[in-house]
Amino acid sequence: MEPSGGEQEPGAVRLLDLPWEDVLLPHVLSRVPLCQLLRLQRVSRAFRALVQLHLAGLRSFDAAQVGPQIPRAALAWLLRDAERLKELALAPCHEWLSDEDLVPVLARNPQLRSVALAGCGQLSRRTLGALAEGCPRLQRLSLAHCDWVDGLALRGLADRCPALEELDLTACRQLKDEAIVYLVQRRGAGLRSISLAVNANVGDAAVQELARNCPELEHLDLTGCLRVGSDGVRCLGLGSVGWEKGSQPLGVGVGRSQEAKLGFLDRPATMAPPF
């Protein structure tokens, strides 16, 4: 490496002299946290080019690795060349993330399998439209605490995302039974996990449809769904959700006010804290 005097020792090898695609990218930069990459790219033009090449090939991006409050400009730079993403988590950007920030990223990454947008309240139906239209292989989606999610937005996902397995709709309070019923009738066969927690609009009709159409369901969170009564819970207790095949026991999250309704279930229920 280069000595303090600024002259390179004979036979020394600089870091950037190593093969980028065969050595530096897979064995060095892949182990560097994103927050450190932001600093590294400021060292020189060559390091900036190396970091950009690494970012362009990212398969997974979690904004939490950058920090609890990532600036808009930093996110734009980190994702501007990304075209191979399979996993994208942007919850730390929830205070400012907009359709204009996210839609171009979704358009460049049609291979996305997992997207986490919990708490991103500045987004709109436009984002879900882009996700449903451009990412047909989507398997996992978190929209927890996204108040803008409504029945029309969910319909697009149901129509265009055949691989959907896990869906978090916690506190999506615009959603009613009709929207959940449509989703389950279209994609229930593949669903393994769904949260409808903290939504007083969800009732027995949605739960009954889940019981009839989701044979692979392993986790269902109904915490805070105060309209879910004995009729809905009874459908779960009758073993309609694939239990007859000896599959994974269904974990049902509920609030304390609903515990009594689950008392007769043959299989254990996961009791969630009260809402």
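Glu209 and Arg212 form a salt bridge, with their closest N and O atoms 2.9 Å apart; a salt bridge here is a side-chain nitrogen of Lys or Arg within 4 Å of a carboxyl oxygen of Asp or Glu. The structure holds ten salt bridges. This is a predicted model, in which local features need pLDDT of at least 70 and side-chain atom pairs count only at pLDDT 80 or more, while totals for chains, interfaces and linings use all residues. Residues are numbered from 1 along each chain as its sequence is written, and side-chain values use heavy atoms, with hydrogens and water left out.

**Salt bridges**

- Side chains of opposite charge can pair when their charged atoms come close.
- Glu209 and Arg212 are three residues apart in helix α9 (residues 204-213), so about one helical turn separates them. Helices are DSSP runs of H or I with at least four residues, strands are runs of E with at least two, and both are numbered from the N terminus.
- Glu209 is buried at a relative accessible area of 10%, whereas Arg212 is exposed at 53%. Buried means under 20% relative accessible area, exposed means over 50%, and partly exposed lies in between (1.4 Å probe, protein chains only).
- Asp231 forms a salt bridge with Arg234, and the closest N and O atoms are 3.0 Å apart. Because these two are three residues apart in helix α10 (residues 230-237), about one helical turn lies between them.
- Asp231 is partly exposed, with a relative accessible area of 42%, and Arg234 is partly exposed at 40%.
- Asp101 forms a salt bridge with Arg72, with 3.1 Å between the closest N and O atoms. Asp101 lies in helix α5 (residues 99-108) and Arg72 in helix α4 (residues 72-79), so this pair ties together parts that are 29 residues apart in sequence.
- Asp101 is partly exposed at 21% relative accessibility, and Arg72 is partly exposed at 40%.

**Annotated span and helix α3**

- The UniProt record (unreviewed entry) places the feature "domain: F-box" at residues 15-52. UniProt positions are given in the numbering used here, feature names are shortened, and annotations may be inferred rather than shown by experiment.
- Residues 15-52 are 63% helix and 0% strand, and the end C-alpha atoms of the span lie 16 Å apart.
- Arg48 lies in helix α3 (residues 45-56) and is partly exposed, with a relative accessible area of 33%.
- The C-alpha atoms of Arg48 and Leu38 are separated by 9.0 Å, and the two residues are ten apart along the chain.

**Nonpolar residues**

- Val13, Leu15 and Leu18 form a nonpolar surface patch with about 210 Å² of accessible area together. Patches are made of residues with over 30% relative accessible area and no salt bridge; like charges are joined within 9 Å, and nonpolar side chains (Val, Leu, Ile, Met, Phe, Trp, Tyr) within 5 Å. Accessible areas come from the Shrake-Rupley method with a 1.4 Å probe, and for residues only the protein chains shown count as cover.
- Val13 sits in the segment before α1 (20-28) and is partly exposed at a relative accessible area of 46%.
- Leu167 is in strand β5 (residues 166-168) and is buried, at 3% relative accessibility.
- Leu167 and Leu220 are 53 residues apart along the chain, and their C-alpha atoms are separated by 10.0 Å.

**Charge over a ring**

- Arg155 lies over the face of Tyr182, at 3.9 Å from the ring centre. A charge sits over a ring if NZ of Lys or CZ of Arg is within 6 Å of the ring centre and within 35 degrees of the ring normal.
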